[in-house]
Structures are given as structure tokens and as C-alpha cells.
2 protein chains.
Amino acid sequence: MLLIGLLAGTLAGVIDLAVDWMTDLKEGVCLSAFWYSHEQCCWTSNETTFEDRDKCPLWQKWSELLLSQSEGASAYILNYLMYILWALLFAFLAVSLVRVFAPYACGSGIPEIKTILSGFIIRGYLGKWTLLIKTVTLVLVVSSGLSLGKEGPLVHVACCCGNFFSSLFSKYSKNEGKRREVLSAAAAAGVSVAFGAPIGGVLFSLEEVSYYFPLKTLWRSFFAALVAAFTLRSINPFGNSRLVLFYVEYHTPWYMAELFPFILLGVFGGLWGTLFTRCNIAWCRRRKTTRLGRYPVLEVIAVTAVTAIVAYPNPYTRQSTSELISELFNDCGALESSQLCDYINDPNMTRPVDDIPDRPAGVGVYTAMWQLALALIFKIVITIFTFGMKIPSGLFIPSMAVGAMAGRMVGIGVEQLAYHHHDWIIFRNWCRPGADCVTPGLYAMVGAAACLGGVTRMTVSLVVIMFELTGGLEYIVPLMAAAVTSKWVADAFGKEGIYEAHIHLNGYPFLDVKDEFTHRTLATDVMRPRRGEPPLSVLTQDSMTVEDVETLIKETDYNGFPVLVSRDSERLIGFAQRRELILAIKNARQRQEGIVSNSIMYFTEEPPELPANSPHPLKLRRILNLSPFTVTDHTPMETVVDIFRKLGLRQCLVTRSGRLLGIITKKDVLRHMAQMANQDPESIMFN
Amino acid sequence: MLLIGLLAGTLAGVIDLAVDWMTDLKEGVCLSAFWYSHEQCCWTSNETTFEDRDKCPLWQKWSELLLSQSEGASAYILNYLMYILWALLFAFLAVSLVRVFAPYACGSGIPEIKTILSGFIIRGYLGKWTLLIKTVTLVLVVSSGLSLGKEGPLVHVACCCGNFFSSLFSKYSKNEGKRREVLSAAAAAGVSVAFGAPIGGVLFSLEEVSYYFPLKTLWRSFFAALVAAFTLRSINPFGNSRLVLFYVEYHTPWYMAELFPFILLGVFGGLWGTLFTRCNIAWCRRRKTTRLGRYPVLEVIAVTAVTAIVAYPNPYTRQSTSELISELFNDCGALESSQLCDYINDPNMTRPVDDIPDRPAGVGVYTAMWQLALALIFKIVITIFTFGMKIPSGLFIPSMAVGAMAGRMVGIGVEQLAYHHHDWIIFRNWCRPGADCVTPGLYAMVGAAACLGGVTRMTVSLVVIMFELTGGLEYIVPLMAAAVTSKWVADAFGKEGIYEAHIHLNGYPFLDVKDEFTHRTLATDVMRPRRGEPPLSVLTQDSMTVEDVETLIKETDYNGFPVLVSRDSERLIGFAQRRELILAIKNARQRQEGIVSNSIMYFTEEPPELPANSPHPLKLRRILNLSPFTVTDHTPMETVVDIFRKLGLRQCLVTRSGRLLGIITKKDVLRHMAQMANQDPESIMFN
């Protein structure tokens, strides 16, 4: 756990630093050392004061470097072109690396990790190559300015670290269950470094990712999350020695009347979640089924080009999405120079104080509102097309950006309304003239929570993550209200969050713990063989020859076979795995003397009594699982589903008064559940 | 959930207010209105300034009221006597109420709730009477000044609320599983109001109390916890509009070198946990087994008398324990007037600032150190005897007090060491003269976490609760370090926390989720009947008469009977509950014609073929459970224990190749686990 935390924290720090540098590389270069980002470059050159820290001589925009001009149309066009070129280069590199070296490195990885934690094995998904390529390409795609975030992929990266370290210790590498516990904890570490929220990470792993979460895992997750968070803090990529990505401090409490706009934001979040999930899934399905899917590189290049061309002119889309969110969350302090804080100050106010009263908006704020509105529409559209391309892409950050933009606009609206209409009945009680009553940054945060909640359907972990970002219990109720509203609204249009939708789209065999199975079907309705189907392929304990078994293995592709006392009595004694059967027969034929095709195979303790001239029998009790899981044919499917979930079974035998009737596999359960939910059972395809 | 949260929050608020008033009643009375506590009395009389808010004319000590004297020996003695008298009165009332009306209201309730959530039913334990009496007596015992807290009992109170509300809705009252989910959420609400820590409450319920915690419960718990916390806040019993019991704000970060004393505090916490658990269990066992247990009222009176007599002279034991903790946690600001903050101020420092440098300790601090040391010893001893008496008693607060006292003393020690030895190598790097480097209040908090962790063995929830108290992520590493050290040290001396120890002591059938069962025994070693025992009592599907069954029911006391095809084939078809059998036979004899003692009972679909003159047979398929849970005799006990835990079974049938061999009940599993852990299996007695 320590190692996982350390590695995940280090990788996150390296990613942050590299993204910082490469994002700035799109705009210019540092003359003193080209590997410095804009901020580092200006901080190390000691000439700058706090005021003009953005304009230091060592940092040269491309136009300054190549044309010795920093203003004017030609400089603007050159900068614009360089921006687009860099973005295209980064995106091309990323998609090529993913295609050539590690096809599993694309996407956010969370749907696949959920599936893996539910017991399905996707070989190589958490391998070393995936880890390496995902880390590198994540830096590239985030720097390219595409509308995606690094949070989901960081969870995947952390899980790769977990898988890597657990393969070093035989205790974990040999036991799938224990390995999955390690992965759950690693997922927590991933979220922890993504947001600097260790407790939120643990709850995210518990609520969203993990399947089986024993107490030991809780404790481990917490440890891994903390180690990762503190490793990240000691690398200090944000330069503010904070754990947190968006650190905010608000100075005013919220008022009951503000709950109304907060709930409105929740509704917006829910609608956005539904819209995004539907459109994104429709687009991804089209990509899967039409010719579009054959040109992933071209697709990425096209989307990057559109993103870069549209994004550059608008300052709110040009800057990196996390900077944007950070700016939107911020309360306008006295020293704030951003356009969003261009309020008309009271000339009587002399010294900067923390508790600034509400002020009328200046020209800058109105410009910002227009630009934000355009940026919002652009983000909404482009994110739908971006998520799901063959590059690493998370959607926490874009979702939060959408919410934060909407929230900030609502917040400024409410603020101006309250300023100009102190006498309205809803404002009269809590917003006297000269008081600081509305914090637009808080609205941005609530909006971000609502949109993230609408897309992922998280609740508790979402609130906790946001609460760790602000570090105060004060704002938990607005966040809760928005998160719950958003979940309700989104659930009204469809129960699936984006991750479940992608699991379905890809047809992973995932048995959701959250679905309740309430139908009144019985095990007998689900088990194979159905009526009219050929009988179950079984072995008998002491009457089949090696050849019989070999034929059976050749003709079927089942993972294993029930072993009966005899075909007449149908009484079950155990279950034999196909793999082990093949191995045992192969070994016996090579090493044991007298084993021929006619040899009787027996699973009993004692060899059966055979005629004198028969060949030497083959004892296979060793490979027989003597405790196969059984239910009776009258067991309600509700119970069966429960057993499959809680015990993580792959198959279960069905008996009636001790006689074997059939078998239920996990696939059968999933198909049955799909059927009961009026979905096409064949969509669960295990592709 | 809303209702539970509202009721739990309201009750907690009422309890807080009542405790406040009654604790002050021991010292004096408010002349303007006798139901005002000291603070309320002085705040409402507007004459007082901030400085002498403790001395207002309306609040009269008993000596002032009765003797018109506030100083002098006779006044002191009178106050002392009144203090003892009130304490004895409260304690006597409490223990009498518990004895007469609700014997289940005693203790902390957490061990019992853990047992109930694991599937055992203790009738009346969560009843309305228990709720009422526990609330009232909780106020009485906390006010009486005994060394106990209200946190554990508040969890019990919240669970009673949960039980009450779930009995109103048939969805929950009829389904034990659903009711338990509600109780889990109610437990979270309890902790939430106890500490004002909603997230900590949810994690406490998850880590410590609950047995089965599905995701839906997480969400519900969070909701209930929040509602409860905000109800409490709107009642505002602490008068500071904070959610939190001990609100602290520290101004300095911690330094790496301080980890050493923090870990030392962790070791102290672990040792205290072990000492407390061992001594308390030994004392409780003695109470159970000797004549001592026959005089619970006398015991309470005696302990109260000793507590009151010893506590009054020392200001740190005289004040209520939560006030003490609050004072110990506090950082010494400039305006602080407490004895603990009596430092020698630098005469050059003129105005009060937040960032006060380390100062040499004054006389007051040295006096306080002595008094704290004495108070610490007294608390340690008296708490051992208090917890487990026949009154409601929680041990969160006393444990935290012990840790806070030890922590504060260590903190002041380190602070003075750092002040006087700036040049020592360990201080040189981070503690320059004139800097504020050591915060003794933080040490108190770390010590409190360590001691609480040592006693309860909580980890994550403990850290989160403490973190919610301070409201800053900054101090999570010291808290973690102390909590982990404390758990390790305490676990080295014995795996059981105080709650598990009490569960064991009382012999509740509790299957701990945390224990791993690693022995290599098989189901066949555990099942009944053992070798040499009479065969299993079974029914056959169509050959036993009503009389046979009635005899069987009379002669045995099993909860149910397996039903076989016939005694020869031994093939299992189902399981019939004793209770339902009795009811069905009774009904049939009364209402169905032709049912006599000789009637054949059958469980099959079709009646068996009977001789012509035989009486009318009785069909009982309706009461037959057709899907009893079975395992084979070769199933490892590790798997069986896992199944019992995860599926919450009470019994499980054992078969071999379809034939019934025996039965394993939860009691058998518990006995076997005790045996494997070298404990006396008969200690699990279900008394």
C-alpha cells in the first residue's frame, strides 16, 4: 500500500508538472530554461513584482520569439497557429502511442476497472505497458487542450500501479480476490491524488468503483490515499503547498433563500447528465457500428483541430480547464485582477478587506458573462464528441467545468439581482445594502457538483470530495441539495450513469450491486439446459473412459463439468474444471504407465471394481472440487442473484432432492436480468 | 430517514440543554429563572461585560443563596456538600429508573447494537420504553458528574428512534433485513449528533457498528446523519452555532520532528486501551459472578460518592468532562484567561495577535500540570469502575479526556523544551526563537484520538471524526500516526476492542466480520450430529403421521426440521420451521375435517397413495421451504463461515452426493470458531 501510494502520488505529480509545462508551451517558451512553465519561468526571474507577474521578460510568446512582436494582427495569427499546431502534434502523438503500444490505455478506464473488480478478467488491462503509455499520453492529451480531464485516467494509472505491486508479492499475485482488494485501495489512491481528497477517494472507491469492500480494504484504501496525497503534496506541483486542486475560502455563509437557485443548478446538472450520457452513448455506438470507428487517428485529429480553432479566441476556453474551474470557484477578493471580478468599487472603500459587500457589476463582468455563455455551449458540445475517443480521457473536469460556468453565471445573476433589488421580499431578510450576501464562487462549486453528480450519479463521495476541496462543513447542505436534485432528475430519465452506460455499451459481464432484482422467477427458469435442449454434459464418478472424456472436452467448450454418481441416480458429487481435466489427462498419458484411451477415470476414493483384463484406471479425485455451490430448483432468482453477487460465483449447480438438474452461470444470470429489464439479452456479449 | 434524523437531532439537543442546566445546578441556581444554566443566566442579564462573564449577580452559588457568603471555609464546605448531594440524587434517580422501567437502558448499547445488526434479536432492546428511559437517565448520569459520556448511549437512542419509525412502515417492520439497514443508518445519525460529525458518523456505522452495509445504506446514513446534525445545529445547544462539540482552530502547522511525541502518545493510547479493556472486563466479570452484582443501586451510589468527593477539589475534574476536553484542545489565544494559558508574556508585545510565539510557562501552567496529572490518574481509575454499571454510560468522552490530559501535558513539555533549548539539534531547524512552533492543544487532540483508538480500535472513522472536529486536513497525518500506533500497540496485547470484549463477556452470538477464519477444518467436522450422537431429527415427505410429528416437536427444541424423501434415500427436499409446523397442525386439527393423530402428513404436490380406510391426509407443502441452504461435507469451514457472514444465515444443511448428513447452525459455527481460537466454546451461551 505504501508503495502504491508513493508511486501513484509521484506519477500524479509528474503528470501535473508536465501538463503545466506543455500547456504553456502552446503559448510560448521560457528563455532561461525551456523546461520551465510560464509561472516557474517568471518566478525564478526575480525581476517581477507581484503585480505584473504575468509579464516577465524571460517568458516569450511565440510571436515575440519569432516575429519580435507581441501585439498586432500578425502576432495574434502566429500565436493562434502555433497553438493549433502544438495541440495537433500532442494529440497525434497521443493517439499513435495508444494505437501502437497499448490499446487499453484509451478511455477513462473506470468502467473497465468496475468490471474487473466485479470478478471479470481483462488480460493486460492493468499491465505495465498500459501504465507507461497511459501516463505519457495522458500528459499529451491534457496539454493538447482537448475537453477532457486527467481524473478518471489517474484512477486507471493508480490501479495499474496496484496491479504491478501486487504481482511482486505471491500472496496477492496468486489470489484473485486479494488482488482485487488491492485494486480497490489503489482506486482510492487515484482519486485521492486527482483531487487531493483522501477521504473522498476512499468513499469514491466504496460507492462507485468497488464491488466487494471488506473493512480491511477500507483501512488500506485510507492509508494508500493518504500516502498518495502526501507524496503529491511534497512534490507540490501546484506551487501552493496545498493538497487540493481548487482551494477556496469563502467569507460569507449561505442563506436559506439561496437553496432555490442551488436546486435549480441541481436540475441543470441532472439534465446535463442525461443529455451527455444519451448523446455520448449514441455517438459511441455510431462509432462502433459505422465506418467512423475505422479512423480513430483522423477522428482525434479532427476533434483536436476543431477544439483548438474554436477555443483560442475565447479566454475561458483557451486556458486549461482546471485553471478555468479554479478561477470560477474563486471568491472575488480585493486584490483579484481577473475580468470576472471587475466590479465597480465604492470610492469610499479605502483599504482591502476580506468582507467586501456586494457591488454592481462592471463592464468586465458583462463581457465575461457573454464569453462564459459561449464557452459553456462549446464545452457541452465538444465534450460529447471527445469522451470515448481512442485516447485517455476523463470527464470529471469537463463536467465540473460545465457546471462551474453555469453556476457562476447564475451566481452573478443572483448577486446583481440582490444588489439592485434589496427591497424584494426574498432579499429583504438577509441582504441589506452594503452586506456581502451572495458568493458567485459558491454557485460555481454547487453547479460543478450538480453536473458531476448528474453524469456519474455519485452522491456521498461527490459531496465529500467537494467538501474536502473547500475544507468547511458550512457548505455541505447546498452541495447535498444540488447533488440529490441532480441525481433525482437524472434518474428520472434513466437509471444508468455514464460508467454503467459504457459498461453496457461494451457488453462487459457486470452484475451491478446497485440494481435490485425483484422479479419472482425461480432458478429453474434460468438454468441450463432449458426444455428441449440436449441434456447437461456431465461426468460420472467411475464409469467413463479417458476417451469419453476427451471427446466430451473436444465437443463442448464449457469451463467445467459436474460429476455424478451415475447417470441414473443423477446424484452430484462434485465439479471438475475443464482446464484441470485436460492437464491431468495429458500428464497421466505422458507419465503414468498403462493409461490408454480405454482406461476408466474415477473420482472416488477407491478404484472401481473392474474386469480382470481392463487397463489401469486413472484416479482424478485430486482435481475434483468436492464442494460445488448448489441451490435447489425452487430457489427464487432474487436469492440466486444475491448469492452470485455476495460470493462472487461464476457458476452454481441446480439440484432437486439431491438430483442434479442443471447449471446457472454468471452469463445466464446477466442474460436473465437483461431479459427481465426488457433489454436484449444478447447485448451481453463478452466481447 | 428524515424523521429519524429529526428526532435524533432533537433528542440530542434536549439532552445537551438539560445536561448543561443540571450540571450547573450542582453549583448554584439562577435567580431570574431557575431553569437557566450558568451561561444562559449570565448572558440574559445584560449587566455583564465580556471580562467578568463568570461573575454575574443573578447566578448565585448555593453558599451565596443559603449563607450569603461566597468565600471562606464554610461556604466551600456547603458548596462541596451540595455538589455531592445533587450528584447522589441524580445517580440514584437514574439507576432506579433503569432498574424499574427499562433494564436494557443501561450500558453504552453499542455491543448490543452490533449484535442486533448481525442478525440476533433482543426483544425490547430498541423499544419505546428503552428510548424514553435512556434519554432521561442519560441526562441524569451525565449531570451527576460520573466519568462517562453520552456518545455511545446516543447511538442507542438513535437506533431506538430508527426502530420506532421503522415499526410504523410495514415495508420495514416486516422485513428484518430492511429494518437492520434502517438501524445502521440510525447509528450513523447517533454519532453524527454526538460529535457533530456527519461523515465520521457514516464511517463509524460502516467500520464499527454495521454488519452488512449495502450502498443504499451509505446514502441513507449520510442523509440521516446530515438531517440530525442540522436539527441539532438549529437547536444550537452549545450557543456557538457550530455543528461541532469541540471546535478548534490552530494557527501553526506541525513539523516532522513532532511525529515522535505523537507516536509516543499513540503508544500511550494503546497501553491505556489494553489496560482499560482488561481491567474493565475483569471487574465486570467479577460483578457478574460474585455477590457484587446483586446490589447495582448501591454500587452506583458508592461510585458516584467517590467520584464527587474526589472530583470537587480539583478544577479539572469538577467541570464537566466535555468542557475539560474543550479547554485542553484549545490553543492559547491572546484573550484566553484559563490557568492553562498563564504564560509569561513578552512585555514588548502590545496588541493581541493570532500568531503568538512560544513563551515560558507561568506559575498557573505549573499548577495546572500537577492538577492535570492527578486528574489523569483519577480518571483512569474511576472510568474502569464506572463503565458497565447499570446506568447508561459511554466511554468516548472519558477516553478522550484521558488522552487529552496526557496529550496536553506532553505538549506543554515539548513546548517548554523547545523554548528553553532552541539550540538543540532537533529544534534548530524548525523552531527559531520568537516563533510559534508547538501547539499544546494539538497534542491534546492527538492524545485523545490515540486513547479512543486504543479502546475502540477504530481507525478511519476515528481520524475522520477528529478531522471534522478541527475542520482541517492539515492535521490528518499526526492523527493517523497516533491512531495507527495506538491500534498496533493495543492489538499486540489482544485483538479485542472494548465492544467485542463486552459482546464476548455477555455471550452474544456475534460472528465478527473482522476475524479471519484460516483453519483447515471442513463442514463435516462441525456439523451435528457428531459421531456417536443420535441421528438428526428429520421429517419424511409422505410417511409420518401427525402424531409422529407432534412427538418429535415435543421431544426436541430445534427451530426446524429437514424434510427428506424417505429415511432410506436420505435425499433432502426442503426445510420446515418448527413454529410453522405447530401452527399448521393446530389450524388443521381445529378447522380441517378428518384430521386425526393418525393422518399422514405429506409435503409433496400430490397426496401419497394410501390404504382405503386410512384417515384424510394433511398437506403441508405450503410451509415447506423448498430452497434450504446446503453445502457439501467437504466444504472448508472458511467458506462456510464466509457464507454465514455474507448471507446472514442461521442454519445450513450438510449433504454428500445429495444425501443429508447433518446441520450446521450459527451457534455451531461460533462454538467452532471459539474452539479454534483456544477459547472455551461453552462461553457462547446466548444468555
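How much of the chain is helix over residues 295-312 of chain A, and how far apart are the end C-alpha atoms? Select that stretch in this predicted model. The chain there is 89% helix and 0% strand, and its end C-alpha atoms lie 26 Å apart.

Next, select residues 368-388 of chain A. Here the chain is 90% helix and 0% strand, with 31 Å between the end C-alpha atoms. Both stretches carry the feature "transmembrane region" in UniProt, in an unreviewed entry. To show the others from that record, select residues 80-105, 126-146, 182-206, 255-275, 395-414 and 442-467 of chain A.

L168(A) belongs to helix α7 (residues 151-168) of chain A. Its relative accessible area is 54%, so L168(A) counts as exposed, the cut-off being over 50%.

The last stop is helix α26 (residues 637-647) of chain A. Eight of its 11 residues are buried, so the rest of the structure largely encloses this helix. Select M637(A), V640(A), V641(A), I643(A), F644(A), R645(A), K646(A) and L647(A) to see the buried ones. Then display what covers them: from chain A, the cover includes α23 (523-526), β10 (630-632), β11 (651-656), β12 (659-665) and α27 (666-676). Helix α26 (637-647) of chain B is also part of the cover.

Methods
Residues are numbered from 1 along each chain as its sequence is written. Chains are lettered from A and ligands numbered from 1 in the order in which they are written. This is a predicted model: local features need pLDDT of at least 70, side-chain atom pairs count only at pLDDT 80 or more; totals for chains, interfaces and linings use all residues. Side-chain values use heavy atoms; hydrogens and water are left out. Helices (H or I, at least four residues) and strands (E, at least two) are DSSP runs, numbered from the N terminus. Buried means under 20% relative accessible area, exposed over 50%, partly exposed in between (1.4 Å probe, protein chains only). UniProt positions are given in the numbering used here, feature names are shortened, and annotations may be inferred rather than shown by experiment. Contact means heavy atoms within 4.5 Å.
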